[in-house]
Amino acid sequence: MSKYLDRAKEIRAIETPHHNCAQSVLMSFTQSLNLDDETAYKIATAFGGGMKSGITCGVITGGLMVLGLFDVDAPEDTQALVKYFQSCHSDMLNCADLLKANAAAGGTRKPHCDALVYEMVEYVEKALKEKGKI
C-alpha cells in the first residue's frame, strides 16, 4: 500500500468533521504538496456532492486539483483522468448518477464513496509517478 492510499483511508475514517470526496482526494497528497490540511479542506469544500449539485463527482475534481498543484495540467493528462474514471463507471461522471446506480445495485453511500476516493488516489499517484512528480 502507498502512503497516499494510507492517508486517504485515515481521512475517510474520520467522522467529525466529515470529509467529502474532493477533500479526501486532495488531502491525501497535502504532505507532498507542502499544503496544510485546513487549507486543503477549505479549498475543496464546495466540490463535494458533485459541487453540491449532484454534478461532477468530487473524486474527479479532487484528482484534478492534485494534478494541477503538481503542475500536471496538459489537456491530455486531465482528459486521461476523466476518461479513466468514465471507463470504470459505465461512462458516468456525475455524483447523482453514480449514487443512483450504486443504490440500485443494493450498495450504501459511504462504502461506495470510499471506494471511489481510493480508486482516484491510486490513479493520481500512478499518474504523478509516471510524470516524475513524486
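**Entry 1: helix 6 and helix 9**

I began with helix 6 and helix 9, which are roughly parallel to each other (an angle under 35 degrees counts as roughly parallel, over 145 as roughly antiparallel, 65 to 115 as roughly perpendicular and the rest as oblique). I note that this is a predicted model, in which local features need pLDDT of at least 70 and side-chain atom pairs count only at pLDDT 80 or more, while totals for chains, interfaces and linings use all residues. Residues are numbered from 1 along each chain as its sequence is written, and side-chain values use heavy atoms, with hydrogens and water left out.

I looked up the geometry: the axes of helix 6 (residues 58-69) and helix 9 (residues 109-130) come within 10 Å and cross at roughly 25°. Helices are DSSP runs of H or I with at least four residues, numbered from the N terminus. Axes are lines fitted to C-alpha atoms, for helices over the stretch in contact, and angles run from 0 to 180 degrees between N-to-C directions.

The crossing of helix 6 and helix 9 is right-handed (the near helix is turned clockwise from the far one by less than a right angle). On the helix 6 side, I listed Val59, Ile60, Gly63, Val66 and Leu67 in the contact; helix 9 supplies Leu116, Val117, Met120, Val124, Ala127 and Leu128. Contact means heavy atoms within 4.5 Å. By class, I found 10 nonpolar residues, 1 polar and no charged ones. Ala, Val, Leu, Ile, Met, Phe, Trp, Tyr, Cys and Pro count as nonpolar, Asp, Glu, Lys and Arg as charged, and the others, Gly among them, as polar.

**Entry 2: helix 6 and helix 7**

I then turned to helix 7, which packs with helix 6 at an angle of about 155°, their axes 10 Å apart. Helix 6 is therefore roughly antiparallel to helix 7. This crossing of helix 6 and helix 7 is also recorded as right-handed. Helix 6 contributes Val59, Ile60, Gly63, Leu64 and Leu67 to the contact, and helix 7 contributes Asp77, Thr78, Leu81, Val82 and Phe85. I recorded a division into 7 nonpolar, 2 polar and 1 charged.

**Entry 3: backbone in the loops**

I looked up Pro17, in the loop between helix 1 (3-13) and helix 2 (21-27). A cis peptide bond joins Thr16 to Pro17, with omega about 0°.

Asn34 is not a glycine, yet its phi is positive, about 55°. I located Asn34 in the loop between helix 3 (30-33) and helix 4 (37-44). Asn34 counts as exposed at 73% relative accessibility (exposed means over 50% relative accessible area, buried under 20%, and partly exposed in between, with a 1.4 Å probe and protein chains only).

Asp91 also has a positive phi, near 65°. I placed Asp91 in the loop between helix 7 (75-88) and helix 8 (95-104). Its relative accessible area is 58%, so Asp91 is exposed.

**Entry 4: two serines**

Ser2 lies in the segment before helix 1 and, at 15% relative accessibility, is buried. I found a polar contact of 2.7 Å between the side chains of Ser2 and Glu125. A polar contact is a pair of N or O atoms within 3.5 Å; within protein, one must be able to donate a hydrogen and the other to accept it, and residues adjacent in sequence count only if both atoms are side-chain atoms.

Ser28, in the loop between helix 2 and helix 3, is buried with a relative accessible area of 5%. Its side chain reaches the backbone oxygen of Ser24 at 2.7 Å. Not counting residues up to four places away in sequence, I listed Tyr4, Arg7, Ala8, Ile11 and Val121 as touched by Ser28.
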